[in-house]
2 protein chains.
Amino acid sequence: MSGRTAVIYQAGERVVAVDPADRGLAYGDGLFETMRAHRGELPWWDAHWARLALGAARLNLPLPDPEQVLDGARMLLDGDDGVFKLLLTRGAGGRGYAPPTPAVPTLVLSRHPLPPPAPEPGLNVRWCEIRLSLQPRLAGLKHCNRLEQVLARAEWSDPGVHEGLLRSVEGDAVGATAANLFVLREGRWRTPAVDRCGVAGVCRGWVLDALDVLETRLDVTDVETADAVFLCNAVRGILPVARLGTRHWADATPGHRQVTDLQARLAAAHPAFAMENL
Amino acid sequence: MSGRTAVIYQAGERVVAVDPADRGLAYGDGLFETMRAHRGELPWWDAHWARLALGAARLNLPLPDPEQVLDGARMLLDGDDGVFKLLLTRGAGGRGYAPPTPAVPTLVLSRHPLPPPAPEPGLNVRWCEIRLSLQPRLAGLKHCNRLEQVLARAEWSDPGVHEGLLRSVEGDAVGATAANLFVLREGRWRTPAVDRCGVAGVCRGWVLDALDVLETRLDVTDVETADAVFLCNAVRGILPVARLGTRHWADATPGHRQVTDLQARLAAAHPAFAMENL
């Protein structure tokens, strides 16, 4: 394992520190990607890069050189497993919201430990109180304005609660603080649309390709009365939900078998999620 | 003028750089205050500190030592006029939204030049396309999740347009990208409430004390057909609006005289806004 855990670039050149006038710090004016690394490689790199490019286009942020990012990832990961994070901001700017022209973006690459294994037989989740606001211009993006998620995650400290589910200000289920949400109802998988809030997760994208999924609106009852529920993200993969408040999902149902089948397909598609690596 | 323009503290100790794992950078997990300095002093310090304290309570962020902030301000300002900015973040954290406990906040103090004088006879403003989302848990605060304002300010580059007015997702007028909005209708001043979105500006607070103002909902027509309109913020004071699209406000009306009267009262209350200093 390499000793260094983060490197910083401005305009493609290594620098020793982030400028205190960075607009990432001032305004959350940036994007990030969090990737599962396997033996020093990033199996879902293409999907992460595509989402970053979409966000950069919407925020009018210049993209870094992908080869530089991949070189940085190889250096930080040094052949190991772990989590690789990319943070791209608009760089230093004057006081005030007007974006500097041209922007000289800041890129921070960092390596982090793997999360602990998913609890058996599944996650214990809760509803969060805070509601997510609706902003179509930012919906779907992995941008750095995350105070809603910070406040949501701060609602509980019980380590026996593994994730919090979020509703929008209109009451629709959106996802979890750091994962997307899928529910099985009437024989079909469903997931909230992410065109007004929420994040278009990379693992969510893989599931949409792998299953016949309806992107739709779901309310609290739709989730609580589902036949099976799972969360997913690009770091932890497919996470069956075992409990939500008073609702328990047994692990010997046809719905649960669909989830374990999906986990097996993911293990075949992305080596980090092979069962022996979880 | 002191040579240094920014100083950084962690847990009250001076440090040379912001940690690249700072949650301000990762999530916009912080607050800021932008203050008009006059001869090295901060005349509205109490109001800025009160808003910071309110925001820190809502985000569960520890406040810095106010004496340390004031010492830093005196050092940076060195007796001069200018703009003093305070940025408070939750400090470095691991990957993930869960706030570190206890948080070791980062404090960045910086000095900036005064903005150019307000244009005569008043501002030329436009409506922005992006709508502000509704989030009562963050409304009113000067928090660091400002991508909506960044996108709004990026909508125009014409230097002849001085500010952009923002509507909420429901269509209500909220304010400008970096100022609060007041309109005179039926003999009474009105300003949008800031309980669902918008910022509770420090100069706005002074105006609420100085005038008989109704905090209410305003739509686009309410603004465009007003008898007088001004914007205000703590750095630029009271800014009469002369033009909004095809609507012009003449500067010899009773409404305009109310604005100039208010400017005179502000000049008496806050020395930086005395006419000879603008």
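Buried area is the accessible area, taken with a 1.4 Å probe, that two parts lose on being put together, summed over both. By this definition, chain A and chain B bury about 4,200 Å² between them, and 68% of that area lies on carbon and sulfur atoms. The structure is a predicted model, in which local features need pLDDT of at least 70 and side-chain atom pairs count only at pLDDT 80 or more, while totals for chains, interfaces and linings use all residues. Residues are numbered from 1 along each chain as its sequence is written, chains are lettered from A and ligands numbered from 1 in the order in which they are written, and side-chain values use heavy atoms, with hydrogens and water left out.

The interface of the two chains was examined next. Contact (heavy atoms within 4.5 Å) involves 53 residues of chain A and 53 residues of chain B. Zero salt bridges are found across this interface, a salt bridge being a side-chain nitrogen of Lys or Arg within 4 Å of a carboxyl oxygen of Asp or Glu. Polar contacts, in turn, number 13 residue pairs between chain A and chain B, with both residues at pLDDT 80 or more. A polar contact is a pair of N or O atoms within 3.5 Å; within protein, one must be able to donate a hydrogen and the other to accept it, and residues adjacent in sequence count only if both atoms are side-chain atoms. On the side of chain A that touches chain B, at least two residues each come from β1 (6–10), α1 (23–27), β3 (30–37), α2 (45–59), β4 (82–89), β5 (106–112), β6 (123–132) and α4 (147–153) of chain A. The most is given by α4(A), with six residues. Helices (H or I, at least four residues) and strands (E, at least two) are DSSP runs, numbered from the N terminus. By residue type, this side of chain A divides into 28 nonpolar, twelve polar and 13 charged residues. Here Ala, Val, Leu, Ile, Met, Phe, Trp, Tyr, Cys and Pro count as nonpolar, Asp, Glu, Lys and Arg as charged, and the others, Gly among them, as polar.

Chain A itself has seven helices and 14 strands. Its C-alpha atoms fill a box of roughly 55 × 40 × 35 Å, taken along the principal axes. Chain A is divided into domain 1 (6–112) and domain 2 (123–277), with bounds that come from an automatic or database domain assignment. The C-alpha centres of these two domains of chain A lie 26 Å apart. Their contact takes 21 residues from domain 1 of chain A and 25 residues from domain 2 of chain A.

Between them, domain 1 and domain 2 of chain A bury about 2,000 Å², of which 67% is on carbon and sulfur atoms. Of the area that domain 1 of chain A buries against domain 2 of chain A, 40% is supplied by A:Arg36, A:Trp44 and A:Arg51, more than by any other three residues. Across this domain interface there are zero salt bridges, whereas nine residue pairs are in polar contact, both at pLDDT 80 or more. The elements giving two or more residues to the side of domain 1 that touches domain 2 are β3, α2 and β4 of chain A.

Several local features were also identified. The peptide bond from A:Glu120 to A:Pro121 is cis, with omega near -5 degrees, and A:Pro121 is found in the loop between β5 and β6 of chain A. In chain B, the peptide bond from B:Thr101 to B:Pro102 is cis, with omega near -5 degrees; B:Pro102 is found in the loop between β4 (82–89) and β5 (106–112) of chain B. A:Arg39, in the loop between β3 and α2 of chain A, has a positive phi of about 50 degrees although it is not a glycine.

Over all chains, the structure holds 25 salt bridges.
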